[in-house]
Amino acid sequence: MLFRVDPSSAVPLGDQIAASVRGAIADGSVHTGERLPAARALATSLGVNVHTVLRGYQRLKEEGLIELRRGRGAVVTGAASPARARLGEVTDQLIVQARQLGLSDEEIVSVVRVGLTGR
Amino acid sequence: MPATKARTTSPASPEPPAGPLRNWLAAFPFIAAIATIAGVYAGVSGRLPEPLGTHFNGTGGHIDGYTSAHGFLTWNLVELLVLGIVLGVFVYLRRTAPGTRWVIALGWGLAAAFGYLSCVTLLINVDVTDAADVRLPLWRVAVGLAGALLCGALGWLLAGPDRRPSDRRPAGHAERLALGRGETAGWSRSVGSPLVAALAVVTLCAALVIGFLGDRLVAGSLLVAAVVIGAIASVRVTVDRRGLALASTLVPYPFRRIPLDRVEEATSRRVDPLTDFGGWGYRTCPGRSGLVLRSGDGLVLRLTNGREFVVTVDDAATAAALFNTCLDRAREQ
């Protein structure tokens, strides 16, 4: 899969790496069970810090798209469908828009909560 | 990015001059040898001793082994039949792959040698009452050897040249990946072969069994083979600003690197391991080498020394596009 990072962008590098994986799952080029490259290898490949890659992987794990296992590395989970990955992309857009409006993290969460109570 | 998904298609490669004819060419000497032996046997069967003198020592050509006439005939015909079938199937599978010409030549030579020796053995036994008196003079063996070499050369000539690797060069322009000015990109994907993995397991089992039975040397070499085969059963292919890297997924360090400055251009095309490389695994052929674990999409690097390096991997078009972009960047600097 293709990883792209742009250090001049305002988006944190870890999130850019996560977005690359999410995009690959969303467009169907990466499937369940596929292994992501080892964090160290990907870091040297992109010329970024290992911790930056690990931060991106951690983010994907929290979204339920990958599993992180000691020794086996990062593997795309069975729950990681293209639709699920697109949900992560939409969430990203929501956060970007809310930040542009000057909303704080708590205010963003409360926007979502208000939306949920209506259902 | 729909642009990166576009494939560079290579035009249908022209069929090599000798198609199915090559199969018959490979099988012909064996059919001819079998027919000749059967014919000679039919002609002299009434005048042969029982048993035949069929084995001769090296120094004086004196007899030191006997076989029944029927057994001798059956054994030789079965031997030729099996050899013929094995070589025929081999040539059928890799018909135009590099090196097949030599396999056909080998078949012609072997069939001639076997056929000649069988016929000579039958003929020197003719009208002999006691097989102990039979002699096989060395000059007859020398004649057989020379004849086998001649037949091999004839087979080589008839087989005609193998398809040259340059015939399959892809046409069309190489794709590029749109990258922002400050953007860095890396492409990575693992490619595995259940077939190769199974082979590694079988080799490992054989090593263990032979190790327990006693032959440590054979077991040791089989173990090394199992590790080497296992290492390429699953490989991570990486394309980035440094070039191409191939690493076993079990080992973090690449076993093969191709830096950008050794590459002219990257493309992707369909790769067929059997016809393009004559088999699976890490292959080297005249004009091209590479890691081919399955048929299908493959990343093809045209090297500055005129050779090709091929890796079969999914989504090779994106990898090729990124490779070309990295090449452009490296050349700008």
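How many residues of chain A are in contact with how many residues of chain B? In this predicted model, 17 residues of chain A contact 21 residues of chain B, where contact means heavy atoms within 4.5 Å.

**View 1. The area buried between chain A and chain B.** The two chains bury about 1600 Å² between them, 41% of it on carbon and sulfur atoms. Buried area is the accessible area (1.4 Å probe) that two parts lose on being put together, summed over both. On the side of chain A, L2(A), R4(A) and S45(A) lose the most area to chain B, together 36% of what that side buries.

**View 2. A salt bridge between R4(A) and E183(B).** Their side chains meet at 3.1 Å, N to O. A salt bridge is a side-chain nitrogen of Lys or Arg within 4 Å of a carboxyl oxygen of Asp or Glu. Between chain A and chain B the count is two salt bridges.

**View 3. Strand β1(A) beside strand β3(B).** β1(A) pairs with β3 (residues 184–192) of chain B in the antiparallel sense, over four bridges. Strands pair if DSSP finds at least two bridges between them; a strand is a DSSP run (E, at least two residues), numbered from the N terminus. F3(A) stands opposite G186(B) in β3(B).

**Notes.** Residues are numbered from 1 along each chain as its sequence is written, and chains are lettered from A and ligands numbered from 1 in the order in which they are written. Local features need pLDDT of at least 70, side-chain atom pairs count only at pLDDT 80 or more, and totals for chains, interfaces and linings use all residues, while side-chain values use heavy atoms, with hydrogens and water left out.
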